[in-house]
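User: I would like to go through this model by question and answer, with the cut-offs stated as each term comes up.

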Amino acid sequence: MSQLATEELNIKGLTGVDITLQIAGPGTRAYAFVIDWHIRLLIALAWILVGLLIGLIIGPEFKKNTFPLLFLFPALAVYFLYHPILEWLMRGRTPGKRMAGARIVTLEGGIPTTSALLMRNLFRLVDSLPGVYLVGLVCCIFTAQRVRIGDLAAGTVLILD
């Protein structure tokens with residue numbers, strides 16, 4: 001089998017017309033991830049900064065009791081829910097994926113279901129081990145369809161638009 005054949009997703013069409021989608025490689029994934037990572041970080045830091053400014057105005061009692069509930073936990077939620085929510089709303093894309101010219105599809109070429117997107121992103125924690133996304137990168141390099149563990153579990157693949 002040629003190298004090119006492992007970087008394409010061939011879908012048998014019901015009408016007899018086959019569709020070939022080009023699979024995104026580790027470089028495209030990394031580019032999209034870095035853009036999305038910066039967006040998540042900026043949103044979370046802005047949320048925390050607003051909390052700190054309100055804390056300065058209200059006083060130390062606010063920081064002690066209310067800050068974690070109103071500002072730290074929502075900032076963490078932004079960080080962890082960014083991918084699944086935007087991939088659902090943007091039909092398999094995030095701003096980073098859009099800039100990289102990529103989107104997530106099912107192995108049949110369709111738009112992933114909400115449960116597939118949640119499964120895919122739940123495994124993001126495993127893919128990010130040991131803290132530098134090494135497991136996900138190695139998996140993308142050595143799997144035929146250039147997928148990470150989250151994609152294997154969800155039955156999805158990242159393709160080029």
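User: Which residues does His 83 touch, not counting residues up to four places away in sequence?

Analyst: This is a predicted model, in which local features need pLDDT of at least 70, side-chain atom pairs count only at pLDDT 80 or more, and totals for chains, interfaces and linings use all residues. Residues are numbered from 1 along each chain as its sequence is written, and side-chain values use heavy atoms, with hydrogens and water left out. His 83 has its place in helix 3, where helices (H or I, at least four residues) are DSSP runs numbered from the N terminus. With contact meaning heavy atoms within 4.5 Å, the residues that His 83 touches beyond four places in sequence are Phe 33, Asp 36, Arg 40, Thr 94, Lys 97, Asn 121 and Arg 124.

User: Is His 83 buried or exposed?

Analyst: The classes rest on relative accessible area, computed with a 1.4 Å probe on protein chains only: buried is under 20%, exposed is over 50%, and partly exposed lies in between. Because its relative accessibility is 2%, His 83 counts as buried.

User: Which residue forms a salt bridge with Lys 97?

Analyst: A salt bridge here is a side-chain nitrogen of Lys or Arg within 4 Å of a carboxyl oxygen of Asp or Glu, and by this rule the count comes to 10. For Lys 97, the closest N and O atoms of the pair are 2.9 Å apart, and the partner is Glu 87. The pair links distant parts of the chain, 10 residues apart, with Lys 97 in helix 4 (residues 95-100) and Glu 87 in helix 3.

User: Which residues do salt bridges that share partners join into one network?

Analyst: Arg 120 also meets Asp 151 in a salt bridge, with 2.6 Å from N to O. This pair links helix 8 (residues 149-154), which holds Asp 151, to helix 5, which holds Arg 120, across 31 residues. Both Asp 151 and Arg 120 are buried. Through shared partners, the residues joined into one network are Arg 29, Glu 87, Lys 97, Arg 120, Arg 124 and Asp 151.

User: Which element gives the most residues to the lining of the largest pocket?

Analyst: On a 1 Å grid over the protein atoms alone, a pocket is an open set of points where a 1.4 Å probe fits, with protein on both sides within 12 Å along at least five of seven lines, and lining residues have an atom within 4 Å of a point. About 390 Å³ of space lies in the largest pocket, and of the 17 residues that line it, the closest to its centre are Arg 40, Tyr 79, Phe 80, Arg 124 and Leu 125. Helix 1 (26-58), helix 3 (67-89), helix 5 (114-122) and helix 6 (124-127) each give two or more residues to this lining. The element that gives the most, with 5 residues, is helix 3.

User: How many charged residues are in the lining of the second largest pocket?

Analyst: The second largest pocket holds about 280 Å³ of space, and the closest to its centre of its 18 lining residues are Pro 26, Arg 29, Ala 30, Phe 33 and Tyr 133. Helix 1 supplies the largest share of this lining, 7 residues. By class (Asp, Glu, Lys and Arg are charged; Ala, Val, Leu, Ile, Met, Phe, Trp, Tyr, Cys and Pro are nonpolar; the others, Gly among them, are polar), the lining has 10 nonpolar and 2 polar residues, and the charged residues number 6.

How values were computed: Points joined across faces, edges and corners; volume = space filled by probe spheres on them.
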